[in-house]
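Work through the exercises below with the model open. Try each task before reading its solution.

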Amino acid sequence: MSITRRAMLQGTLGAAATLATGASSALAVPARALLVYDSRLPQSGALGSVYAGRVLDLAYEQVNLWRNLRNLRPGGRVIGLTSWSDYVQVRSLLEERRSRLRAEARFGRLFYWEMA
């Protein structure tokens, strides 16, 4: 069986839907990945509260003018569940550090995305 782009996008959307409905433990986020979330958004905050790896809360990034994200060393996987405007800002900063988009999916008003 070959994996098509459509099947990959459906799988990503399914993972985001599982995550957003509260069953975030079903989503396998690698322990070495950096998780970007927003504690002001309930679904995104729920993911941040159960993830035991490195995290970056966008609620604090906007206060300190994105300093932590701008000083992030390139390389590694970054996974996020954020609003569209935060996603665009983070994606732009990560692309400056040569990270590329691997997946994105919309779920309601939030966006699940991965970059490496």
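**Exercise 1.** In which loop is Asp 38 found?

*Solution.* The model is predicted: local features need pLDDT of at least 70, side-chain atom pairs count only at pLDDT 80 or more, and totals for chains, interfaces and linings use all residues. Residues are numbered from 1 along each chain as its sequence is written, and side-chain values use heavy atoms, without hydrogens or water.

Step 1. Find the loop between β1 and α2; Asp 38 sits there. Helices (H or I, at least four residues) and strands (E, at least two) are DSSP runs, numbered from the N terminus.

Step 2. Check accessibility. Asp 38 is buried, at a relative accessible area of 3%. Buried means under 20%, exposed over 50%, partly exposed in between (1.4 Å probe, protein chains only).

Step 3. List its contacts (heavy atoms within 4.5 Å). Not counting residues up to four places away in sequence, Asp 38 touches Ser 44, Gly 45, Asp 57, Leu 58, Ala 59, Leu 81 and Asp 86.

**Exercise 2.** Give the strand order of the sheet.

*Solution.* Step 1. Pair the strands; DSSP must find at least two bridges between them. The open sheet has five strands, ordered β2-β1-β3-β5-β4, with mixed pairing.

Step 1. β2 (54-57) and β4 (101-107) each pair on one side only.

Step 2. Inspect one pair. β4 and β5 (residues 110-115) are antiparallel over six bridges. Phe 107 stands opposite Leu 110 in β5.

**Exercise 3.** Identify the residues that touch the most other members of the largest nonpolar core.

*Solution.* Step 1. Apply the rule: a nonpolar core is a set of buried Ala, Val, Leu, Ile, Met, Phe, Trp, Tyr and Cys residues joined through side-chain atoms within 4.5 Å.

Step 1. Val 36, Leu 69, Val 90, Leu 94 and Trp 113 touch the most others.

Step 2. Assign elements. β1, α5 and β5 each give two or more residues. The largest share, four residues, comes from α5.

**Exercise 4.** Classify the ring pair Trp 84 and Phe 111: stacked, edge-to-face or tilted?

*Solution.* Step 1. Recall the cut-offs. Rings of Phe, Tyr and Trp (its six-membered ring) pair if their centres lie within 6.5 Å; planes under 30 degrees apart are stacked, over 60 edge-to-face, the rest tilted.

Step 1. The centres of Trp 84 and Phe 111 are 5.0 Å apart and the planes at 55°, so the pair is tilted.

Step 2. Trp 84 is partly exposed at 43%; Phe 111 is buried at 12%.

Step 3. Take Tyr 87 with Phe 111. Their centres are 6.2 Å apart and their planes at 10°, so this pair is stacked.
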